[in-house]
Amino acid sequence: MYEKHPCWSILLRLFHWMFALSIVVLVVTGFYVNSPWTNTMLESSQSWPMAWMRYLHFVAGYVFSAAIIIRLFLYIFGNQQERIWDILPVTRRNLRNLWKTLLHYSYIKEAGQHDRLGHNVLAGLTYIVTVFAAIVQICSGFYMLYPEAAFWEGWGVAIFGNQQSSRYIHHLLMWWFIIFAMIHVYMCIWNDVKRPEGVISSIFTGDKFTHTKA
């Protein structure tokens, strides 16, 4: 038998879909801005695809930035599953979960029933790295967008050195999000097959299920 429990708040689910959809738009438009696949005749027409692609990239960038701000807020003020302390390997419970998860994903030892509703510690640490990468991506993006603004020029030069270095880092980090997204989707499906706890449905409904003895 399974019991239903509330897990993810509406704000966490809003962050998830803002983050996911903005990444799709940013990747597609980013590839186009870097290497347009239309010809120069089309660019000189009234349709002007490069201008639209840049505009969509900028709008998606603001959505992406807002999503990260929401996630940082939830790391501190979210529910128990959403706070950063639930996924940092600094307690005996979390260290034990990290070790069991590594064994489980390596097909060495079945992990048994989870003692938590939210992310396992390995997934949580991956998300923390991704949020950090997102912050660097945001900084590099705004530095390229506003190179003459005093704030971004100061921080941009201090962090990245110059515009070209910033563009290179921006492009490299894009591949982190592409690879992360593919692995994330695969692991969600894998976990839903291995453990029918509603991992995928929970990001729509906010509810997850725990196995209970009849």
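The questions below go from the overall fold to the pockets and then to single residues.

Visitor: What order do the helices and strands follow along the sequence?

Guide: This is a predicted model. The protein has 8 helices and 2 strands. Read along the sequence, they follow the pattern β-α-α-α-α-α-α-α-α-β.

Visitor: What percentage of the residues counts as buried?

Guide: The C-alpha atoms fill a box of roughly 70 × 35 × 35 Å along the principal axes. Among contacts between residues at least 6 apart in sequence, 66% join residues at least 24 apart. A residue is buried when its relative accessible area is under 20%. Of the 214 residues, the share that counts as buried is 39%.

Visitor: Where does UniProt place the feature "transmembrane region"?

Guide: The annotation comes from an unreviewed UniProt entry. In the model, residues 12–35 are 96% helix and 0% strand, with end C-alpha atoms 34 Å apart. Residues 168–189 are 100% helix and 0% strand, and their end C-alpha atoms are 33 Å apart. The UniProt entry places the feature at residues 12–35, 55–77, 121–146 and 168–189.

Visitor: Which element gives the most to the lining of the largest pocket?

Guide: The largest pocket holds about 1,300 Å³ of space. Of its 47 lining residues, H119, Y127, H184, C188 and V199 are the closest to the centre. Elements that each supply at least two lining residues are α1 (10–34), α3 (49–77), α5 (121–145), α7 (163–194), α8 (199–205) and β2 (207–211). The element that gives the most, with 10 residues, is α7.

Visitor: Which element provides the largest share of the lining of the second largest pocket?

Guide: The second largest pocket has a volume of about 740 Å³. It is lined by 24 residues, and those nearest its centre are G30, H57, G141, M144 and H170. The lining divides into 13 nonpolar, 9 polar and 2 charged residues. At least two residues come from each of α1, α3, α5 and α7, and the largest share, 7 residues, comes from α3.

Visitor: Is H119 buried or exposed?

Guide: H119 is one of the residues closest to the centre of the largest pocket, and its place is in the loop between α4 (92–105) and α5. Leaving aside neighbours within four places in sequence, H119 is in contact with W8, I87, G124 and Y127. Because its relative accessibility is 18%, H119 counts as buried.

Visitor: Is Y107 buried or exposed?

Guide: Y107 also lies in the loop between α4 and α5. It has a positive phi of about 60° although it is not a glycine. The cut-off for an exposed residue is over 50% relative accessible area. At 58% relative accessibility, Y107 is therefore exposed.

Visitor: What is the distance between the C-alpha atoms of R71 and V131?

Guide: R71 is in helix α3 and counts as buried because its relative accessibility is 5%. Apart from neighbours within four places in sequence, R71 is in contact with L12, F15, E82 and V131. R71 and V131 are 60 residues apart along the chain. Their C-alpha atoms are separated by 8.2 Å.

Visitor: Why are the buried residues of α6 on the same side of the helix?

Guide: The buried residues of helix α6 (residues 150–160) are W152, G156 and F160. They lie on the same side of α6 because the arc that they cover around the axis is only 25°.

Visitor: Which helices do the buried residues of α6 pack against?

Guide: The face of α6 turned away from its buried side carries the exposed residues A150, F151, W155 and A158. After α6 comes G161, with a positive phi near 95°. The buried residues of α6 pack against α5 and α7.

Technical notes
Residues are numbered from 1 along each chain as its sequence is written. This is a predicted model: local features need pLDDT of at least 70, side-chain atom pairs count only at pLDDT 80 or more; totals for chains, interfaces and linings use all residues. Side-chain values use heavy atoms; hydrogens and water are left out. On a 1 Å grid over the protein atoms alone, a cavity is a set of points where a 1.4 Å probe fits but cannot get out, and a pocket is an open set with protein on both sides within 12 Å along at least five of seven lines; lining residues have an atom within 4 Å of a point. Grid points are joined across faces, edges and corners, and a volume is the space filled by probe spheres set on the points. Helices (H or I, at least four residues) and strands (E, at least two) are DSSP runs, numbered from the N terminus. Ala, Val, Leu, Ile, Met, Phe, Trp, Tyr, Cys and Pro count as nonpolar, Asp, Glu, Lys and Arg as charged, and the others, Gly among them, as polar. UniProt positions are given in the numbering used here, feature names are shortened, and annotations may be inferred rather than shown by experiment. Buried means under 20% relative accessible area, exposed over 50%, partly exposed in between (1.4 Å probe, protein chains only). The arc is that of the directions from the helix axis to the C-beta atoms. Contact means heavy atoms within 4.5 Å.
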